[in-house]
Amino acid sequence: MVDEDATPVAFLGITETWWRCYMTEAQVQIPGYNLARCDRPGRTGGGCALYVHNSMAISDQIEFSDQCSNLTAVYIGSRHTIVAVIYRTGADVLGFQIMMDGLQKFIDNHSQDTTVPDIWLMGDFNLPLFRWRDGIPDSIDQPVYNVLRDFVDTNLLSQMVTSPLGVIMCSTSC
């Protein structure tokens with residue numbers, strides 16, 4: 001049951017969609033939301049989607065997909081805001097760097113004079129050693145971790161979620 005008087009969620013990011021290119025937007029649409037998606041054609045798993053409430057028009061969007069990463073990002077001009085969802089599967093540092101450079105270019109293209117858009121970055125980065133202390137990432141000297149840490153530092157981002165959103169169940173052999 002949906003509470004009609006509740007304030008709607010502004011945007012919702014999903015990773016591991018497993019959607020295929022033959023799946024139409026009508027099949028995965030949530031009423032009242034616009035959809036930006038990045039599937040992984042020809043591969044199993046992965047993919048990401050971003051639902052943006054209809055009250056916020058998407059002015060521009062980008063997507064990126066390679067063997068190890070997916071990105072979908074939108075610019076909401078009326079709010080001067082960029083929202084991005086990332087799914088990263090493997091240890092491909094170069095592909096991750098290229099994707100994050102593309103996202104940075106998208107941010108730079110929508111910066112007005114000295115005003116940088118608000119940035120909401122969410123996703124599954126598969127970087128289990130990346131830890132936050134007081135909103136600042138711990139120093140881990142591994143190239144793939146440095147890519148994300150440098151992006152966070154460049155854009156003055158901080159961690160908003162303070163506890164895990166899901167639990168992974170595994171055997172003792174994980």
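Q: How many helices and strands are there in the protein chain?
A: Helices (H or I, at least four residues) and strands (E, at least two) are taken as DSSP runs, numbered from the N terminus. This is a predicted model, in which local features need pLDDT of at least 70 and side-chain atom pairs count only at pLDDT 80 or more, while totals for chains, interfaces and linings use all residues. Residues are numbered from 1 along each chain as its sequence is written, and side-chain values use heavy atoms, with hydrogens and water left out. Read along the sequence, the pattern is β-α-β-β-β-β-β-α-β-β-β-α, and the count for the protein chain is three helices and nine strands.

Q: Which residues does M100 contact, leaving aside its neighbours within four places in sequence?
A: Contact means heavy atoms within 4.5 Å. M100 is among the residues with the most contacts inside the largest nonpolar core. With those sequence neighbours left aside, the residues in contact with M100 are I86, V147, L148 and F151.

Q: Is F125 buried or exposed?
A: F125 is placed in the loop between β7 and β8 (132–133). Not counting residues up to four places away in sequence, F125 touches I86, R88, F96 and L148. Because its relative accessible area is 16%, F125 counts as buried.

Q: What is the distance from R88 to the ring centre of F96?
A: A charge sits over a ring if NZ of Lys or CZ of Arg is within 6 Å of the ring centre and within 35 degrees of the ring normal. R88 lies over the face of F96, and its distance from the ring centre is 5.4 Å.

Q: Which side chain is joined to that of Q104 by a polar contact of 2.7 Å?
A: Q104 has its place in helix α2 (residues 93–109), and its relative accessible area of 15% makes it buried. A polar contact is a pair of N or O atoms within 3.5 Å; within protein, one must be able to donate a hydrogen and the other to accept it, and residues adjacent in sequence count only if both atoms are side-chain atoms. The polar contact of 2.7 Å joins the side chain of Q104 to that of N155.

Q: Which residue takes a positive phi just after α3?
A: Within α3, the buried residues include V144, Y145 and L148. Just after this helix, a positive phi of about 55 degrees is taken by L156.

Methods
Buried < 20%, exposed > 50% of the residue type's maximum accessible area, 1.4 Å probe, protein only. Core = buried A, V, L, I, M, F, W, Y, C linked by side-chain atoms within 4.5 Å.
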